[in-house]
Amino acid sequence: MKPKKVKNPLTVSDCVYNEFADNFSLYLDQRHVPFVVARNSTQIIRTGKSELGATIRNLHFAKGGGTLSAKSVSDAYATIMAQLQVCHDQRTVVQRIHSNKGTIYYVLGDRIAKISNAGATIVRKTQVDFFIESDGLVEQSLPELNTPPDQLPTLLRRFFQLTTEQEVLLLSYIISCFVPQINHPILWLHGEQGAAKSTTLRFIKQLIDPNKKDLFAMPRQEDDLFSVLSNNYFVPLDNISHFSGRLSDILCQSATHGSVSKRKLYTDNQEAVVELHSIVAISGIEMSITRSDLLDRSITVQLARIPDHMRKTEQEIWQCFHAYKPKILGAIFNTLCRAMKMVEQTKLPSQFRMADFALWGYCIAEAIYENGGERFLNAYRENIRVSTSHFVGSNSLVFAVSLLMQRQPSWKGSSTELLVTLRNLLFENSLMDKLPYDFPVNAIQLSKKLSLHNSDLKILGVTVDIGRGKERYILLERRGTNNEQ
């Protein structure tokens with residue numbers, strides 16, 4: 001929307017506003033948040049008073065004017081904000097990656113990588129119909145599009161020390177991060193000191209979304225985490241040992257593209273909706289997942305300590321990485337082209353909790369490796385099983401039930417009887433003189449927690465049937481492991 005000009009400017013503020021109206025247009029993004037754009041540009045400017053005020057001052061100075069008083073800037077700013085109140089011109093704003101009508105657009109800097117099932121090409125920013133939010137954006141290396149997908153594993157082995165199964169899973173995860181608008185699992189990198197967890201996170205960040213904001217510490221306040229997850233495409237949280245249940249819930253929302261409603265600042269009852277859409281990766285010495293809902297939305301990769309004779313300086317590592325990055329990106333984009341041809345015709349035999357990721361991961365692995373799709377699914381299932389087994393040790397009820405099912409193929413009785421049986425098992429198999437804090441305190445709580453952890457127990461090969469009505473019972477049966485979600 002082109003701002004209306006003041007017909008008969010009488011004050012300095014009127015003249016300053018007219019200068020702005022001659023050079024900028026007003027829009028709303030897909031979240032109905034206002035922004036302005038200079039004519040013939042794709043870079044957006046948000047409408048915060050300090051940022052837009054500086055733009056007004058710089059424009060006036062560039063036009064040959066002098067310094068402006070605070071009142072002149074404030075009056076011009078107020079008029080611009082009044083114009084935005086009647087603006088209905090909505091445009092798409094992209095942070096790094098955008099998808100539309102079967103085509104993925106990746107912002108390299110002054111150019112855009114355009115990726116579809118027909119191939120990958122490089123175009124100029126003026127050839128796309130969206131705007132770019134460049135705050136913190138760092139220019140990406142120009143990809144070498146003649147690099148075939150099957151070279152990708154060899155290229156990445158220079159920087160990632162992984163088992164074969166973890167390589168398939170991590171490689172599929174990294175490439176899936178170039179597919180926006182799907183749910184991505186949270187990546188957990190863990191390992192002992194010296195396993196290059198932070199460096200691995202930086203490698204992944206540099207491939208997906210190079211930014212002035214490098215690695216993040218876990219914010220302590222909810223509002224700070226909301227801000228990080230709503231304003232960044234890829235968020236690597238480094239050196240995390242533990243976090244609260246509430247922060248765990250927020251990460252779950254981000255993994256499945258949730259949103260939160262907050263009161264607008266300086267208003268009584270107006271709401272502001274914050275969309276949580278970041279892809280999140282976390283590193284830590286230990287895997288600190290203690291919530292099954294977060295576990296369902298995660299994949300875990302354990303890194304081994306790098307031997308002393310293989311260590312290099314930071315300068316050597318990054319020189320090598322940046323030298324190979326154009327080939328890596330070219331191979332990633334060509335892999336995406338192949339995967340995009342397959343994804344519409346592929347239907348997995350079973351559905352996982354993170355169904356979009358499983359589908360894309362299958363097609364990506366199939367595009368790189370021989371029989372790669374099945375290798376990916378097997379690695380993903382095993383990752384779920386191992387992660388759930390780790391969760392068993394941190395959840396006293398799931399641990400007690402799995403212990404019971406190791407001793408006998410089935411168990412049937414009342415919830416009270418099961419509570420007593422599981423209590424006795426925990427005391428028999430530990431030196432504790434009291435029950436863990438998270439263990440159910442009564443039969444009603446036991447039934448509720450069994451229902452809550454039904455899917456976790458199913459992965460471990462234990463089915464739970466809770467009888468209702470007149471015949472109230474709990475039936476536990478040991479079956480083959482089931483890794484489907």
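## Threonine 200 in helix 6

Threonine 200 is placed in helix 6, which covers residues 197-208. The model is a predicted one. With a relative accessibility of 5%, threonine 200 counts as buried, because the cut-off for that class is under 20%. Leaving aside residues up to four places away in sequence, threonine 200 is in contact with Phe160, Leu189 and Leu303.

Aspartate 214 sits in the loop between helix 6 and helix 7 (222-231), and arginine 202 is in helix 6, so the pair ties together parts that are 12 residues apart in sequence. Aspartate 214 is partly exposed, at 27% relative accessible area. Arginine 202 is partly exposed as well, at 28%.

An open sheet is formed by 3 strands in the order 1-2-3, with antiparallel pairing. Strand 1 and strand 3 (44-46) are the edge strands, and each of them pairs on one side only. From one strand to the next, the twist averages 35°.

Strand 2 and strand 3 run antiparallel and are joined by 3 bridges. Valine 37 has isoleucine 44, in strand 3, as its bridge partner.

Two helices pack on this sheet. Helix 1 touches strand 1 and strand 2, and its direction makes about 75° with that of strand 1. Helix 2 touches strand 1, strand 2 and strand 3; the direction of helix 2 makes about 120° with that of strand 3.

Helix 1 spans residues 12-23, a run of 12 residues. From first to last C-alpha it reaches 17 Å, close to the 16 Å expected at 1.5 Å a residue.

Its buried residues are Ser13, Val16, Tyr17, Asn18, Phe20 and Ala21. These buried residues of helix 1 pack against strand 1 (24-28) and strand 2 (34-38), and also against helix 2 (49-62) and helix 3 (70-85).

## Salt bridges

The count of salt bridges in the model comes to 13. One of them joins aspartate 110 to lysine 125, with the closest N and O atoms 3.9 Å apart. This pair links distant parts of the chain, 15 residues apart. Aspartate 110 is in the loop between strand 6 (103-107) and strand 7 (111-116), while lysine 125 is in the loop between strand 8 (119-124) and strand 9 (131-132). The two partners fall into separate accessibility classes: aspartate 110 is exposed, with a relative accessible area of 54%, whereas lysine 125 is buried, at 12%.

Arginine 157 and glutamate 167 also meet through their side chains in a salt bridge, at 2.7 Å from N to O. Their positions are 10 residues apart, arginine 157 in the loop between helix 4 (152-156) and helix 5 (164-176), and glutamate 167 in helix 5. Arginine 157 counts as partly exposed at 43% relative accessibility. Glutamate 167 is buried, with a relative accessible area of 12%.

## A salt-bridge network

Asp29, Arg46 and Glu133 are linked in a network of salt bridges.

Conventions:
Residues numbered from 1 in each chain as written. Predicted model: local features only at pLDDT ≥ 70, side-chain atom pairs only at ≥ 80, totals over all residues. Heavy atoms only, no water. Helix = DSSP H or I, 4+ residues; strand = E, 2+ residues; numbered from the N terminus. Expected span 1.5 Å × (residues − 1). Buried < 20%, exposed > 50% of the residue type's maximum accessible area, 1.4 Å probe, protein only. Contact = heavy atoms within 4.5 Å. Pairing = 2+ DSSP bridges. Axes fitted to C-alpha atoms, helices over the stretch in contact; angles between N-to-C directions. Salt bridge = Lys/Arg side-chain N within 4 Å of Asp/Glu carboxyl O.
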